[in-house]
2 protein chains.
Amino acid sequence: MKIDEAQLAGKRIAIVGAGAVGSYYGGMLAHGGHDVHFLLRSDLAAVKERGMWIHTKGEKIHLQPVQCAGRPEEIGPVDLVIIALKATANGAMRELLPPLIGPDTALLTLQNGLGNEEFLAEHWGAARVLGALCFVCINRMGPGDIHHLDHGSISIGEFGRPVSPRVKAIAEAFRAVSVEANPVENLAAEHWRKLVWNIPFNGLSIAAHANVAEVLADEGMRTLARELMEETREAAGLLGHEITSEFADWQIERSSSMGGYRPSSMIDFEAGRPVEVEAIWGEPLRQGRAAGAPMVRLEMLYRLIRHLAQRAQA
Amino acid sequence: MKIDEAQLAGKRIAIVGAGAVGSYYGGMLAHGGHDVHFLLRSDLAAVKERGMWIHTKGEKIHLQPVQCAGRPEEIGPVDLVIIALKATANGAMRELLPPLIGPDTALLTLQNGLGNEEFLAEHWGAARVLGALCFVCINRMGPGDIHHLDHGSISIGEFGRPVSPRVKAIAEAFRAVSVEANPVENLAAEHWRKLVWNIPFNGLSIAAHANVAEVLADEGMRTLARELMEETREAAGLLGHEITSEFADWQIERSSSMGGYRPSSMIDFEAGRPVEVEAIWGEPLRQGRAAGAPMVRLEMLYRLIRHLAQRAQA
């Protein structure tokens, strides 16, 4: 799918990493009539047999049959690969992606944090690469059983380029199935805006074992969260992505309505699963430092989380 | 016991907080023939019946009978109160100490960190107050069963005054029973020197769940420990207590020989007992800040530990 292609209709789409996020966004495109192929592992037999359920906004969407495969070779080259693997599994992409990639295949990563577009660009060329930020609460309750709880918007952009016809086409396809989708001119700036929340709240969910309400209820944690936002904002500014102080204030404010929300990193950490340490804390620290931001608190948070995550994995 | 008194012999001594440290140092004085009274709670019946055992340097010292009481009124005014309560229990002293205090009673606190001498001075007058730092590994295995594992030296000084005759007398009494005891001219400076190790290693034992060997084995943790030492050193310097960079380097180095040593704060934290958060991190932060030290990492560590300790207590 080339940069100037303005239609998603008729394209072959593959979903790599069909957890909650990949299943939801891929499933919604399939529901919209697109030709979507899911690369599955443990869920393969169950989804083949019973299809996929998406519980969303009071509706139950049943997709049956679902086009799915256990190996990328069974899917073959597609026009668009949507990647929703954990960033910690990027290494696996070197084997999973090549069979899916033809001369004009576009790669859209929905992964968290920084460095994921760069990884794809480095291996398969920057021209293919798109990225998206998902603002959504989804749970995968079991194989093919996807519960969309809240929000759901997706911001899609080109890697290092302004909005293209293909970005608009993908956004349009999502909107056609009532998924809010926004093309973004500056993907990196959007990542930094999302990090303003993720760095402190995902971070303290691990380092202080505190959900959002617990961070906000403790004066010291709340102040620390705001200071981490300030460090993130400063680094983003030095990298050319201006984020206002009011935006950070509003991030604290809007968090009050989240109650005891447990950031995804907390859930992963407590379940003993890999945490996206480098994408959420390591890479922002390295980029911010390179731009001259001191980021003393982020560095300390990064070191603590890396240590704690390694222990939990050991 | 007035500042100019040069003899501990013939004095009445009370031990408040007869855990491992209080029992060991009080027990050694009793073993040396001094008139020592232990204020006990849960261990009272057992110690009354079976006495106290101190396992030290291959020796088993049996004290029987042990002078002990369940209430301070039963002991009455003494010449010297040795306080080994957790700093978190300082509130209890307002009830425990008055019955023990006569016009010339001296108060010697063996408690960790900063603020303990100040607390005593504020309530019962600065002239009475002495402090000590204990460099010792002791375990209390059961009521009256004290195992002295390693080290054992005690550094004793006046609160805000140079070494006095009574300091020398107390040190002499310890040395008479083979406990290394050193009079110190500047107690506050000694506290800061001890904090150079305690702030990072006790701190990371809670925030990173890491024993000494684990801190040293992780490059990020080891660097953070050294940076926390640097912040502590800087604050001490601004407060007039110069500590060299070489001293901090040596604190890292000597830690290598400690293996998987678990700092006392880690043991307390993991057992769900109160942690001396204010004495070890809060008060040094406040004093350092007041002197103009930024202490950004210590502040973050303090906030994390306070949060984690409150959770563990909740």
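Let me begin with a definition: helix axes are lines fitted to C-alpha atoms over the stretch in contact, and angles run from 0 to 180 degrees between N-to-C directions. This is a predicted model, in which local features need pLDDT of at least 70 and side-chain atom pairs count only at pLDDT 80 or more, while totals for chains, interfaces and linings use all residues. Residues are numbered from 1 along each chain as its sequence is written, chains are lettered from A in the order in which they are written, and side-chain values use heavy atoms, leaving out hydrogens and water.

In chain B, helix H12, residues 277–290, packs on helix H13, residues 296–313, at an angle of about 150°, with the axes 10 Å apart; helices here are DSSP runs of H or I, at least four residues, numbered from the N terminus. H12(B) and H13(B) are therefore roughly antiparallel, a term for angles over 145 degrees. Among the residues that meet, Trp281(B) and Leu285(B) belong to H12(B), and Leu301(B) and Tyr302(B) to H13(B), where contact means heavy atoms within 4.5 Å.

Now to the two chains. Chain A can be laid on chain B with an RMSD of 0.1 Å by a turn of 179° and a shift of 0.0 Å along the axis, superposing by least squares on C-alpha atoms of residues with pLDDT of at least 70 in both. The copies are thus related as by a two-fold rotation axis. Their contact takes 24 residues from chain A and 24 residues from chain B, and 100% of the interface residues of chain A are also interface residues in chain B, so the copies meet through the same surface.

Note on methods. Helix = DSSP H or I, 4+ residues; strand = E, 2+ residues; numbered from the N terminus. Parallel < 35°, antiparallel > 145°, perpendicular 65-115°, else oblique.
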